[in-house]
Every structure is written in structure tokens, then in C-alpha cells.
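The structure is shown first, and the description follows.

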Amino acid sequence: MRPRTTTAVAAGSALLLLTGCGAADMTKQASPFANAQGARTVTLSVQSWVGAQANVAVARYLLEHELGYRVDTVQVDEVPAWDALSQGRVDAILEDWGHPEQEQRYVEDKRTIAPGGDLGVTGHIGWFVPTYFAKRHPDVTDWKNLDTYAEQFRTPESGGKGQLMDGSPSYVTNDKALVKNLKLDYQVVFAGSEAAQITQIKQFAKEKKPFLTYWYTPQWLFEKVPMTEVKLPAYQEGCDADPEKVACAYPVTPLQKYLNADFAKDGGDAADFLRKFRWTTEDQNEVSLMIAEQKLPAEEAAKKWVDSHESVWNKWLP
Amino acid sequence: MATLTATTPKAPPPGILTSRTARKLVVLAVAAAVLVPLAATRWTDGTWPDALTIDLSRPLGDASDWIIDNRDSHPLFLYFFGHVSNAVVIAVRAVYLALLAVGWAGVTAVAGLVAWRVAGAGLALATAAAFVACGLLGMWVPTMQTLALMAVAVAASVVVGTLLGLAAGLSDRMNRALRPVLDTMQVLPAFAYLLPVVLVFGIGVPAAVLATVVYAAPPMARLTALGLRGADKEVLEAVESLGATARQRLLTARLPLARKELLLGLNQTIMMALSMAVIASVIGAGGLGDRVYQALASVDVGAALAAGIPIVLLAVVLDRVTGAAGARLGQPPAPNARALGAYALAAAVAVAVAGRLAGRLEWPDGWVVGIAEPVNRAVDWMTAHLYSGVPVIGGTADWAGHFTTWVLDPLRDGLQWLPWWAVLLIVAALAWPIGTWRTALTAVLAMAAIGVLGVWKPSLDTLSQVLAAVAVTLVIGFATGIAAARSDRFERLLRPVLDVFQTMPQFVYLIPVVALFGVGRAPAVAAAVVYALPAVVRITTQGLRQVDPAALESARSLGASGAQQLRQVQLPLARPALLLAVNQGVVLVLAVVIIGGLVGGGALGYDVVFGLAQGDLATGLVAGAAIVCLGLMLDRVTQPTERRATKGA
């Protein structure tokens, strides 16, 4: 009889635990690894590119060493990161390249995400050829002449056309529509991840081979493989409204920070600090390069930058 | 087309068709002769007709929007999913805090102690060494996070799996209902489980744990059912005659008799949970997988390896310890076992307390060995020297180019050129002769479902990559397997290599693969080959070694040379094992298709990655479903059904 009673009690209390305490809003649940051992924790979203890692590395270093927080980082792709941010699984995104649809949904409608101000860095997406190639063929930098070079950009994957290499599926891109609408003799080949794309670019550069790639600034790889932008038809407000009909260049985007709404309200010093966090493209590149090229651990790179730029970050402290 | 394979075989004219295979093929040919002209006149174009597709992107998009909009207010989420998610968070957190509280010395000591009690002194040392190595690599905290997540996931998988297994083991009807489901789940690639859970739970640990449970529970259920059903009938009768109630029979006879299978189930569950815990880093699981994934972003193979090695170590240690525990079952315990256990427990507690008192709970920063730099240098050197311009044989990039133009392109274009009904016919013609009409029907329906989902072309692209990868895997795998079966020394050397490749997270070798083969389908095939090879080599070696020694001996006495023995005795006798190797090769290669999407493989793999990355669940789920269908089809086409029918039940 005894075991049965125990089982019944256990089952009953489990049921009580499940239903008795009412609703459980899973949009208000933090990561189980947060706030371990009484530490105040901030969870930051790191996107997959190195610039974003640089932001997070410096913010993390300062939060840990100047403000006494523990910082967890999670790597999530851009759009899912918005969702995670709205649920409080992460507290902040430090570098967003513009997601109007998500902004409307989470910032305007649901009010679960609060804007965190400018990062200070401006981003730009474009098509690039290596500078060593552009020097030999200066007219390649105009999109109208791209077709004459298509043959040189051919690879086994591009099936008889020139190859335009795109990167991670998480990035904002209109390239397929652009190639179609500008009637170019090119095939968009998706590298599938930024790691694959960078590795391929480096391999091309080692052999001084020509290539055409989707790329963006600020990016540390420019220091390693200098690249020149190919001019596309100029960007005008609204020319990219219909994704199927885009036939113009990408805009220049001031990168934005976003905070979880509750964190923005109750986050104390950390939220204050993250709102004030604002640096320049050069600063970011300096840290990125240390991480990606010298292969320093992110923490060490951040320390080096912090040690030599006190006047910059002093203004961020609450 | 579905009706095509369901037609009952007509009685063949006596004397002409004696073989069953030929009879089945004739029936197919007759059916095709009737149906193909119909299809060909109705839809002249070779690709899947638009009229037969269903566009799911609207309803799926709406569903995903609805979930996001209602996640914080709808009762279904507040009173059910919310609690599930909450329970997961609390459980993982509890385990994580406990691990941190015990400290690194304590965790290492306790792990060593457990390994010693269940598996012996040698493995205990190996376990402790593995944990120390995790710390030395600077990965202590991520290792603990992964361990916490795994512990919860494995516990839940074992509970769910055992319950399902009990149901299937005790009730014939449940068994019939569950078997096909569990069989199918074993074939599905891990990534396919991620999207649905993300849809409901969002990015984060709860989704990761639940995906892991769904992925890791089926082997436990299968093996529990198998163990219960395989129990010795005479023992059961004896127990029954003693007047035991059904519950007593279960607890005192059937379950203890199934111990071996239960432990094997636990072993498989742990291994699958570990591999999933890494893959789930894509949806925010944190821990070691996340470190690997983050290192990938800065193209840092060394750092990825530093996080990958603890995963390999954990996997090898957990596998060996649970395996050894299974092997030791039934042996009498040593006479002083209890006392020894008590001493060891006291020692472990003492170590933990000492660690705590000394304030050394976290792994000391000074004790970290950086392996990233030398590894990166080695990888750079290798890729710089092998990529191109190697005299005579050409560089790896040239091979990749040739492989793409001469193998992958013709294969893809050929498949896409075939009319859709021809593809279905081929599938039926392959599946029916080695299986039953049921498996053939499943295969054909799975293939047709791909067309209905509207991803016919990308699926054939993926299929062409899978076929090429399987071919390469089998050639290399059989050759290596044969070599390993013939030389003990080679097999011993090979074993750790296979272990590493089987458990190393696939993310780690993405960069080397691209650095060697460039971006495109060739590196995707290479990654798949690396992943599938160990299993194929293992099964081949095992199959060849299990060939009856008497048969070999008699061949030798007849003066057969080594090659003759192999060709005429060993290979024919090991045929079932070789077929199993083919089947496993296909399933494993398909599991890496999505990884291939990360290096330029395109097609379905890219679509799934795109769906995860953009939160575009319509694209991702449809592509995931198509991969599942491809998996079903390939499994049925390569798995002889007679064997399966005799195995269980």
C-alpha cells in the first residue's frame, strides 16, 4: 500500500505544481544559465559576424570589470534574435541592420522591445571585387560592364555564368532580384555561412583570382583582402520597397541597438550602460581585426582596446 | 501513381517467371505501360506538375504569426507550453547550479567514482582525465552547461522512452502502432526536429531540450520494447505459475531480464542526446555547441576544436562507461564492493568539500592550455599547400571542380531531366524487389509527397548530392573496412580515429572543408563523407569478421588466395552487413545535408538553414519535410524488409 500512496502523493503534487500556480508565461523566462550563484547577469545576443562580436566583447568586458556584472552570450541569427529579445531570453542586441517588419511587430505593436539608440557605426552592403583585380580592370567597378567579365568570374558552381557569391542566409540580400532585374549574366551562389564565404574569399585572394561577392562594411576582412565596391544604380528612398523589383544599390544604414523592454526599465546600470554604448567604425574594426585576424580571444582583444581608449568608454559608464 | 504499386501481383505463367523479383518487376512494367502514357499526355513537361502541388507557405506563415502574437496570452501557451518550458528551465538550472556548487574538483571526483563503480578502474581514470582535459582547454563552464542540459534531456528521454517501450512491450496493438513511428524517427536527420520546437517555444534552452528529447527517446523506447518482448518464455511461465500478479511479473522478471537492452537503450539515448545538444546550439542551447558555433563565425578552427574536443571526450567516456556497465551485468559483485564504494564516496565528498573550502570552485584561469593557435597554423599550412597547384595530381580545389562538373552536374541534370513519373517508377522498381509492396508504396508516396510540397527540383538536387556522397562513402568505407578486417593492427589504429570523427560536431570541419574544396556542392559532399564514413567502416569490418571461420578455413584448405577468399567467401557471407552499411551510409549522409547548406550545398539544406536564420518557418518546414521524405524513401529503397520482419515481434 505504501508505494501506491507515495506515488499518488507525488503525482498529485506534481499536478498541483503544474496547474495550481496558474499561468506560466514563457515569454518571461530567462535562460537557465543566467544569474547563477547570485551574480547579476546580462545576456547579450552575438550575431555571427565579427563586428557584432567586437561590440559584445567590449560591452562584456566593461560590464564585467567596471560594473560587476556576469555576462552570458548566445549566438542567434538576426530574426530569431528579435524573437528571443522580445521574450527576454536575451537582454540586448547591439548591432541591428534594419528589420522594419520586426520593428513594427515588437517595438510598435507589442512593446516588448525598446530601441537602444545608435551604435555609432554605419553599415553598408554592396557588391565587391578584389582591389588587385579592379586596378587591372578599372571599368569593372561599374555594374554596366560586369557582363564583359562574367567569364572570368565563372566557377564550377555557377553553371556557365559568372559567380556572384552570397553569404549567410541570415543576411539581408536582394541579389537574386538584382541580377534578374539588371539582366546580368550572373548566377548567385550562396555560400551558406559567413565562415564559408570568408574562407573562400581568402583562398581566392591567395591566388589573386578574380571574384565578385556580396559584402558589407564595416568588416575586418577589408584589411586583409582589400576590395573595391562595384557601383550599382544609385539608391533612392523606396526603390527597394518591392523585393521582386529591386534594381538599385543597398542603402547606408546607421546600425541600431535594441533592448528588451523589461530590461530597459529594470536593468539598472547595465541597461544605462548599453544605451550609452556608442563608438566608431574604426574602433569596431580595431577590435574585430584583433579577434579575427590575430585570433586573440575576444576577451583579450576587448581588454587591449579598453586599456588604450579610456576617454571613449568613460562616457558610457552610468 | 500510388495505385500503381498497390496492384496485386497476378499469377505468373508457370515456368517462365520463377524468381519473385522478376515477377514484381513485370507487374510494375505492366502498370507503368498503362499509367505512363496517361501521365505523359496529361502533363507533357517533365517536372512535377503544378496542378499536383499544394502551397503551404501561406498557412504556415499564418500559423507562425499566430503563435508569435498569442504566445503571451493564449491559454494553450499559458497553461501548457508555458509550464513545460518553465519545468525545463528550472530543471536545467538546478542541475547547472549543483554542478557549479560542487566545483571542478568535486565533479571530476564524482564522475570518476561513478565510472569506477559501474565500469572499473581504467575507465574511472579515463573519465577523470577527460574532465580535467575539458578544464585545461578552458571549457569548464560551457562543459557544465552542456552537461546540465544533457542530464535533463537524457532523464526525460529515458522516462518517455521507457514508458513508450513498456506500452509497446506489453501490448501488441501499441507495438503495431508505435513501431513504424519509431522506425521512421530513427531515420530523420536531427535538424528536422529543430524547426517545429522553435516555432512553439522560441529560441532558447527549452526548445533545445525538447528537440533533444524527441530525438533521443526513440532508441530507448525501441530497445525497451525489444527487451520485454525477447524475455525467455519459460522463465515467465515459471514466474506465472508461482502466482505472481501482472505487476510483480513485470517488476521481478520481465524488466530484470531486459536489463541488457535497457542499458543499451540508455547508451544510445546518451549518444544521441549529446550530438543533438551540439546541433541545438543553432537554436540557442548555449554550452559547448555554442562555442563551436561562435568560433565558426570568426573562421577560427582552433577555437572550434577546443570546444569540440570536450564533446568528443564526453561522448567517448559516456559511451565506454555505459557500454562497460552493460558488459558487467550479471557478474557477481566483488565481496568488499560495498565498503570500497563507501570509501570512494567519502573520498569524493572530501575532494568536493576541500575544493569548496579552498575557494577553488571555478577552473583556475592559469591552468588553461591554448591549442587554438597551433591548430590554426596547421590548418593554414595544410590548406595553403593542398588547395591548388600540387604537381601531377592537382590541388584539392581542382578535384572539387572536376567532381562538380563531371559527377555532380551530370547526376543532378540527369535526375532533373527525368520525368517525374519515371523517378517514381524507378523508386518503386528499387524498393519492391528487396522489400514488400508496403515498403515500396511508402517509398513512392514519400517521393510523391516531395512533389506535392512543391520542392521537386531542389529535392532532386539534394538527392544527387546524397547519391554522390553515398557512392564515395561506400567506396572508401568498404576499402577501409576490408583492410581493417584483415589487419588487427590497422583496426586498433583506426578505432580512435573513427570515434573522433563520429562524435566531433560537424561544425568543426566546415571551415577546413571549404578551405580545401571551395564553396559549393563538393565541400558539402566531403562533409557528408567524413560524417558517414566511420559507421560504414565499422559495420563492414564487423560483418567481415563475423564470417564463419570454418567457411574461411575450408576455402583456405582448398588453396584459395587472400583475394579469392575475400571475393568468394567473405564478401558474399557478409552481404547482410554490407547492405546494412549501405543503409546506414544513406541515412547518415542525409543527416548532413543541412550542414552542407552551410558550405554552399544549396537546395534543401540551404532552405532549412534559411528558414532557421530568417525565422521563415514556411520555407524551413517545407524543406525539412522534404528531407524527411527523402530519408524515408532512401531508407525503404536500401533496407531489405525480410530482415526487419524477423528481427522483432
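Which residue with a positive phi follows H5(B)? H5(B) is followed by B:Gly138, whose phi is positive, near 80°.

## Model and conventions

This is a predicted model, in which local features need pLDDT of at least 70 and side-chain atom pairs count only at pLDDT 80 or more, while totals for chains, interfaces and linings use all residues. Residues are numbered from 1 along each chain as its sequence is written, and chains are lettered from A and ligands numbered from 1 in the order in which they are written.

## Helix H5 of chain B

Helices (H or I, at least four residues) are DSSP runs, numbered from the N terminus. H5(B) covers residues 121–136, and its end C-alpha atoms are 22 Å apart, which agrees with the 22 Å that its 16 residues should span at 1.5 Å a residue; the expected span is 1.5 Å times one less than the number of residues.

Buried residues (20 or more other C-beta atoms within 10 Å of their own; exposed means 12 or fewer; C-beta atoms are placed from the backbone) in H5(B) are B:Ala124, B:Thr127, B:Ala128, B:Ala130, B:Phe131, B:Cys134 and B:Gly135. They cover an arc of only 150° around the axis, which puts them on the same side of H5(B); the arc is that of the directions from the helix axis to the C-beta atoms. The exposed residues B:Ala121 and B:Gly122 are carried by the face turned away from the buried side.

## Contact with chain A

In chain B, 63 residues are in contact (C-beta atoms, placed from the backbone, within 7 Å) with 52 residues of chain A. H4(B) gives the most to this side of chain B, with 14 residues.

Key. Helices (H or I, at least four residues) and strands (E, at least two) are DSSP runs, numbered from the N terminus. Two residues are in contact if their C-beta atoms, placed from the backbone, lie within 7 Å.
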